Structure formats: C-alpha cells, structure tokens
Amino acid sequence: MKLSKLFTKTLREAPSDETAKNARLLIRGGFVSKVMAGVYEYLPFGLRVLNKINNIIREEMDVVGGQELNMSVFQNKEIWQATGRWDSAKEVMYQFKDNFNKDQGLGFTHEEPIAATARHFISSYKDLPKAVYQIQTKFRNEARAKSGLLRGREFLMKDLYSFHADQNDLDEYYEKVADAYSRIFERVGVSAVRTFASGGLFSKYSDEFQVVADIGEDTIYVNEKENRAVNKEVYNEDVLADLKWNKSNLTERSSIEVGNIFKLGTKFSEPLGLTYTDADGNLRPVIMASYGIGPGRLMGTVVEVSCDEEGIIWPENIAPYKVHLISLEQNKKADKVYDDLANSGAEVLYDDREDKTAGEKFADADLIGCPIRIVVSKKTLEKESVELKLRNEKDFKLVKLSDISQSL
RNA sequence: CAGGCUGUAGUGUAACGGUAACACGCACCGUUCGGGUCGGUGAGACUCCGGGUUCAAAUCCCGGCAGCCUGACCA
C-alpha cells in the first residue's frame with residue numbers, strides 16, 4: 001500500500017470530544033471515524049487490524065471445533081418472549097415496530113435464535129456435542145456509550161455457542177474454550193487474566209478475561225502467583241474461602257473485559273424446546289454454554305495498553321502492516337525496495353509521498369505504529385543500505401539492500 | 001436515565017453585545033529536504049437548529065438536537 005494512494009490521512013490533533021486514548025490515536029491515525037456516540041466506522045487501516053484479530057479468533061475457534069455461521073441481526077419477539085427476556089431486555093435491546101406494525105428487535109446476543117435454530121438439527125444424543133460461532137455486529141442501547149471503542153452501541157462480537165448432552169461434557173469443553181481464549185489474547189498481544197465473575201447460571205462463577213488498564217470499567221483483584229483474578233462483583237469473604245485465596249496476595253486493579261464465557265445450562269433450551277433423546281429413549285433438554293469476545297473492544301484495548309506519546313505500537317500479529325517503508329527523496333530506489341519486499345510476501349506500507357518532509361513521515365510512522373520502520377535515504381544508500389528500526393525500540397541499524405528480506 | 005460541561009471552516013482554537021480571526025490541513029508559487037522547514041498567494045463558516053431580547057447576537061434568554069464527563073446501568 002502506498003501512502004500517496006491511501007483513502008485516509010492522519011490528523012495532527014485529535015478531536016476535542018474524544019478523551020479516551022484508544023479513540024484519540026485511532027482517529028488521528030485514520031483507523032476509525034466516529035459516526036455518533038458509541039458508533040465508529042472502520043476505515044482501511046482499522047479494518048485490516050480488525051480482520052487480523054478476527055482471523056486469529058477464527059483459527060482458535062476452529063481448533064475447538066467451532067463451526068462458523070452467520071445469524072440475522074433481527075430478533076424474533078416470540079422466541080424472546082419464550083425465555084421471558086423480551087421485556088427484561090427492553091433497556092438494552094433496540095426494539096421497534098416496522099412498517100407492518102410487527103415488533104422487531106436488534107440482537108445484542110443470540111442465545112435465543114441459536115437455540116431455536118438448533119432445534120432443527122439436534123434431536124439425539126448422537127447429535128451432541130456441537131459448537132457454532134459467528135463474528136457479527138451487535139446492537140446495544142447503552143445508556144452511556146464511552147471510552148472510544150470500549151463501550152459502543154454498535155459493536156462486533158464473536159459469540160460461540162456449544163451444545164452438550166451432559167454436564168461433564170460441557171465442563172470439559174468449557175475448559176478447552178477457556179484455553180483457546182488464552183491463546184487468542186496471547187496471539188493478539190495482550191495479557192488477559194482469567195477472572196472469576198458473576199453470572200454463571202449453571203456454575204458458581206462465569207469466567208471473564210480481563211486486561212489490566214486504567215481506563216477499564218471493571219475492578220478486579222489479581223492473584224499474580226496463579227495469574228487469575230476475581231471480579232469485585234463477587235469479591236467477598238465467602239468467595240475467597242471458596243477459592244482458598246488470601247486477601248493479602250491480591251492486588252486491586254482496573255481492567256477491561258475482553259472476553260466472557262458462561263455455562264448456561266438449560267436456561268434457553270428448556271423454554272425453547274431444544275431437547276434430545278438419550279440412549280435410553282428419554283427426552284432431555286440440551287445443555288448450553290456461550291462464549292463471547294468483542295474484537296473491536298479488543299482492538300481498542302490493545303491501543304490502550306500498547307502506545308506511547310507518539311502513537312500506537314501494534315503487536316506484530318495484528319499490525320495493519322508489518323513494515324512501514326519511508327522514502328526520503330529517493331523514490332526510485334525505495335520503489336525497488338517496496339517491490340522486492342512485496343514480492344517476498346511482506347506486508348508493506350510505503351510512504352512514497354513527495355510533498356512531505358522527513359519529520360512528517362517519521363511522525364506518521366510512529367502514529368500508525370507498524371512494528372518495523374525502514375528508511376531509504378541518500379545517507380543510507382551511500383552505504384548500499386537501508387535503516388531499520390523497530391517501533392518499540394529507540395535504536396536503529398543499517399541493513400544491506402540485499403539483506404532486507406532476511407532481516408525481517 | 002439523572003446531574004454537570006460544551007457546540008465557531010476538515011482538525012485545533014480566538015473573537016467586550018458592534019466587519020467572524022488565527023494555526024494545522026487543502027490548492028498554487030518559491031524555498032527546504034533525517035523528526036511535523038521557511039515565505040507568499042488562495043479556497044474553505046447561514047458561528048448545531050428554532051424562537052426571543054436588542055438599533056445590533058457567535059456572544060444574552062428560552063426550547064430542541066448533538067457531543068463529552070460523573071453517576072446509575074452493563075446478557
């Protein structure tokens with residue numbers, strides 16, 4: 001990609017109505033654009049990052065046997081009434097009447113519809129277990145959207161649903177997914193701590209994955225030794241005793257919830273009639289669990305925890321481009337470097353702009369935050385070299401033109 | 001949803017109730033070329049919308065809308 005052709009431009013100053021670091025940097029860098037409170041568009045850079053996050057998620061979902069599908073954003077009132085959630089969800093669910101005076105809802109979660117759909121395909125213990133997921137836009141009428149990408153009214157959600165014949169099977173699978181979640185966050189490049197939280201319908205706790213950050217809305221107590229934490233919402237003497245944790249080993253931290261996994265039991269399968277016949281011919285409700293990750297929120301979280309005064313520092317796995325190539329008045333030579341790198345399969349963002357000064361190019365490179373910066377200039381060419389600098393390091397080194405590909 | 005603050009060019013800011021200004025960005029000319037170079041010219045704003053007060057409103061008042069902050073809320 002050549003910067004001279006890019007759809008977006010960087011901003012020298014962030015809009016005054018954004019205070020969250022993630023939104024300020026992402027808007028300045030041209031990754032996202034604000035539409036209204038809690039609603040952002042993903043521009044080319046932002047979408048590249050988001051897609052990389054999504055693909056990591058997909059790979060790990062596939063590892064645990066998740067099958068990707070895509071449900072409708074529209075939600076059917078009847079099935080939500082079946083679980084008694086149509087009215088109780090009113091405050092967060094966008095509900096309206098369409099032109100035929102039919103009630104419509106926009107999904108902020110999909111337990112009801114997936115359970116309804118699963119009725120068509122699950123009828124025997126031989127059909128279990130199954131797991132399906134989607135990465136899809138959710139809508140949520142937040143009373144107060146805030147913190148840039150961290151709490152929006154329209155946001156992306158990866159939701160996985162698993163179906164089981166018995167509790168043991170669910171418990172085993174649940175742990176597999178928890179491991180997959182740990183791998184996802186590790187690959188994305190954030191340190192997420194598995195956290196005991198409330199909301200387990202079929203278990204004592206649900207599990208959240210929390211990233212420690214000042215801007216986070218959650219408060220957790222971290223057990224560093226075990227790399228686990230407990231959410232303030234369930235933090236009390238009984239829980240500590242239950243976990244066999246000592247208060248003095250815990251550190252209170254603010255954190256961002258980037259993932260949450262739940263054992264749902266039969267809360268959805270029973271009212272919606274999602275049942276299977278066991279080996280003895282008995283009709284039983286399917287046992288369910290659901291597992292969520294917010295990819296957009298995750299992207300915002302990465303920016304919150306991985307940046308400096310100059311801009312974003314993308315972890316390599318999700319950087320929009322691996323290499324940010326800068327030409328200082330040497331476009332002919334730099335073009336060749338660009339082509340060679342591109343041919344070798346490297347993802348390169350090439351600053352070929354002829355009307356920008358060195359300072360501006362460096363500032364933009366720091367802001368955009370690709371892991372590797374390569375400069376082609378008169379100075380480096382005198383030594384048949386380019387300058388190579390990592391975004392998260394101060395020093396640079398000279399690399400021979402012929403050795404660039406190998407040094408990445 | 002309650003309380004508070006704020007709405008001026010693409011972005012950031014200025015303007016006592018009296019001609020809407022400056023910087024960045026943009027276009028053009030020259031200059032410069034390793035950390036947002038320097039100089040010049042130019043385009044770009046019904047000052048969020050509607051009403052009111054006034055000789056005169058970006059400015060004061062009322063209503064609406066929007067954004068932000070704090071809180072409540074957060075399967």
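Domain bounds in this predicted model are taken from an automatic or database domain assignment, and chain A is accordingly divided into domain 1, spanning residues 21-305, and domain 2, spanning residues 321-407. The centres of domain 1 and domain 2, taken over C-alpha atoms, are separated by 40 Å. Residues are numbered from 1 along each chain as its sequence is written, while chains are lettered from A and ligands numbered from 1 in the order in which they are written. Because the model is predicted, local features need pLDDT of at least 70 and side-chain atom pairs count only at pLDDT 80 or more, whereas totals for chains, interfaces and linings use all residues.

RNA strand B is surrounded by 41 residues, of which Ser16, Asp17, Ala37, Gly359 and Ser377 are the closest; a residue is near a molecule or strand if its C-beta atom, placed from the backbone, lies within 6 Å of it. Two or more residues each are given to this surface by strand 13 (250-265), strand 16 (287-293), helix 11 (358-368) and helix 12 (378-381), where helices (H or I, at least four residues) and strands (E, at least two) are DSSP runs, numbered from the N terminus. Helix 11 provides the largest share, eight residues.

An open sheet is formed by three strands in the order 4-6-5, with antiparallel pairing, two strands being paired if DSSP finds at least two bridges between them. Strand 4 (74-75) and strand 5 (95-97) each have a single partner strand and stand at the edges, so one side of each is left without a neighbour in the sheet. Strand 4 is joined to strand 6 (residues 103-106) by two bridges, and the bridge partner of Phe74 in strand 6 is Leu106.
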